Each structure stands twice: as structure tokens, then as C-alpha cells.
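The questions below go through one structure step by step. Each answer ends on the value or name asked for.

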Amino acid sequence: MKKCCTILLQRNLPEVTNKIGDEILQNNDNLTDFYVVESGSDDDRLSKFTENTFHANWDEARENGLRTGRGFNFGLTELKKIGKEYEYYFLVTGDTVFEQKNCVEILLKEMESNPKMGIISPLSRKWGNEFSHLWDKNRTQSVALIPHVAWMFRSELIDIISEDFSSKDFMGYLYDGTNFRCYDADTEILVKSYLYDFFPAITSKVYIKEDELLTDRNFKVMKTENRETHKKLMWDEGMAWLKRKYNFDGKQQMRQLLHQSRHLFFNRNPNLRSMI
């Protein structure tokens, strides 16, 4: 059994899936298996990785897709059903472009260097100047707020988070599936990482780009909304979820919770302050 598996979440874009899968396996095949979650894709729009595909093909998934949270929940729980367990899980969205071909190798090396590292993400230069001190410095450090584009998880952290959910299915395993488009649901995972005594990290040893035009070019084929419509729906649903679950009136209270959780983690683990 390999140490890691990569799960790619995609909808109706087999050519993109094939390209990403080929690149990952050709350069990291000795380290990772590769799986695809087809998020309600049409039967004639599946990738070539059919033997390692989990196809969400029920009516609701066909109509609306699974999105990030339900999609990765589905992939992880389907792996459990077939008895596949790994030390690390690399969860990648379908619009990810990797700049380093041996990305899995690099991320695994970083994860194995520190047993308290629960999540690691590559860096994107579009994530703001707050990360500019990392550019071109080949550095890994803890992180507060980043979006889930391509996160590698330590299995122990996923196992702990999964205990928060009774359903153990696509509606609840890693992500809270009640937040359909996942605004701040990834922030919740970062909070839980710190609370459960693991830190999330970011590294400039691997860079990614998000193909932001992928949906704009293909939303009709993908049978989804265009990017602007999606962003509005994601915001509205996210604000309702924050109010419903946490009684928060906006995103700032979730940000405060994240920073507080991070502060408490490093107070408990002063030997890791070099990672701040």
C-alpha cells in the first residue's frame, strides 16, 4: 500500500481530469494512488480512470453536483467502504494547476518532518502580499487563513474530525455537508486542526495556480453556474450557515475563532513556535 492517495474532484471535464491524473502519476506514482470523484457527471463524461472512480450518480448529485465539501466526504467514505486506508490524503479540486511535477513527493517530505503537521497546502502567488515573505524562499510554516484548493491531510486528523459527524457519509465526514458551497467550511477545518492539536501549514516549496477561467469556459458543459453566480450563492449560503451553526453575524467572528485557536495551539506547543 502506498503512503498517500490523491483524490481529484471533477464534474464533466474528463480531458482535464486525464491531464491532472497523468501528471501526478507519471511523477509521483511510487508514492500515491489516484482516485477521481465524479461530482454528478454525465455517464459519457467520465475520465479514463474508471477503475479508480467514485461516481456520484444519484439524482440530486446529477442536478447540482457535490461541490467541495460533499465531494471530498464522498471520496473519503467510499475509500473506507472498499477497505482502502492511507497515511496521507491529498484532496485536490478540479481547477488546480501544479508548477512542480513532483508535488506529492515534496508535500509528503514536509508532512513527515513534523508529526504535528495535520494539513499542508502549496502556495499560490495570488493569495495576497501576506505570503510574499515566502515567495522563492522554499519555506514551510503554519498558516491561518487559506482556501482549500489542494490540501494534503494526515490521516489521524481526518479520523478525529470524522468523529464530529454521526452520518459518516457525503453529508458529514471531513466537511459539514450542510454548507453546500462551503464558504468558511474550509476555515472550520483549519480551526478544528488547531483545536485537535495539529497545525495546518503552507509551503513555498510547491506552487499552484487556480485555473479561474475553467468554469467560465465550461460551465454549460459542467452543468453548473457561472463563476459570478456561484460566488454570490456561496456567500449567501455561507452567511446563513455561520448564523445557523455558530450564531455568527459575519465572517469576522469565524476569523477570530481561527486566530484564537491558532494562538492556543502554540501556547500548548511552545517548541513549535519556529513554525509561526
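Q: In which helix does E23 lie?
A: This is a predicted model, in which local features need pLDDT of at least 70 and side-chain atom pairs count only at pLDDT 80 or more, while totals for chains, interfaces and linings use all residues. Residues are numbered from 1 along each chain as its sequence is written, and side-chain values use heavy atoms, with hydrogens and water left out. Helices (H or I, at least four residues) and strands (E, at least two) are DSSP runs, numbered from the N terminus. By that count, E23 lies in helix 1.

Q: Is E23 buried, partly exposed or exposed?
A: Buried means under 20% relative accessible area and exposed over 50%, with partly exposed in between (1.4 Å probe, protein chains only). The relative accessible area of E23 is 31%, so E23 is partly exposed.

Q: Which residues does E23 touch, not counting residues up to four places away in sequence?
A: A contact means heavy atoms within 4.5 Å. With residues up to four places away in sequence not counted, E23 touches N28 and K101.

Q: How far apart in space are E23 and C103, C-alpha to C-alpha?
A: In sequence, E23 and C103 are 80 residues apart. In space, their C-alpha to C-alpha distance is 9.9 Å.

Q: What is the volume of the second largest pocket?
A: On a 1 Å grid over the protein atoms alone, a pocket is an open set of points where a 1.4 Å probe fits, with protein on both sides within 12 Å along at least five of seven lines; lining residues have an atom within 4 Å of a point. Grid points are joined across faces, edges and corners, and a volume is the space filled by probe spheres set on the points. E23 and T96 are among the lining residues of the second largest pocket. Its volume is about 150 Å³.

Q: Which element gives the largest share of the lining of the second largest pocket?
A: Helix 1 (14-28), strand 5 and helix 7 each give two or more residues to this lining. The largest share, four residues, comes from helix 1.

Q: To which backbone oxygen does the side chain of T96 reach?
A: T96 is found in strand 5 and counts as buried, at 4% relative accessibility. Its side chain reaches, at 2.8 Å, the backbone oxygen of T93.

Q: In strand 9, which residue is the bridge partner of V97?
A: Two strands pair if DSSP finds at least two bridges between them. Strand 5 (residues 96-98) and strand 9 pair in the antiparallel sense over three bridges. The bridge partner of V97 in strand 9 is K209.

Q: How many of the twelve residues of strand 9 are buried?
A: Strand 6 (residues 117-123) runs parallel to strand 9, joined by six bridges. Strand 7 (residues 140-142) pairs with strand 9 in the antiparallel sense over three bridges. Strand 9 (residues 199-210) is largely enclosed by the rest of the structure, because its buried residues number nine.

Q: Which helix gives the most to the lining of the largest pocket?
A: About 1,500 Å³ of space lies in the largest pocket, which is lined by 42 residues. T68, D95, E210, H230 and M234 lie nearest its centre. The most, five residues, comes from helix 8.

How values were computed. Polar contact = N/O pair within 3.5 Å; in protein donor to acceptor, adjacent residues only side chain to side chain.
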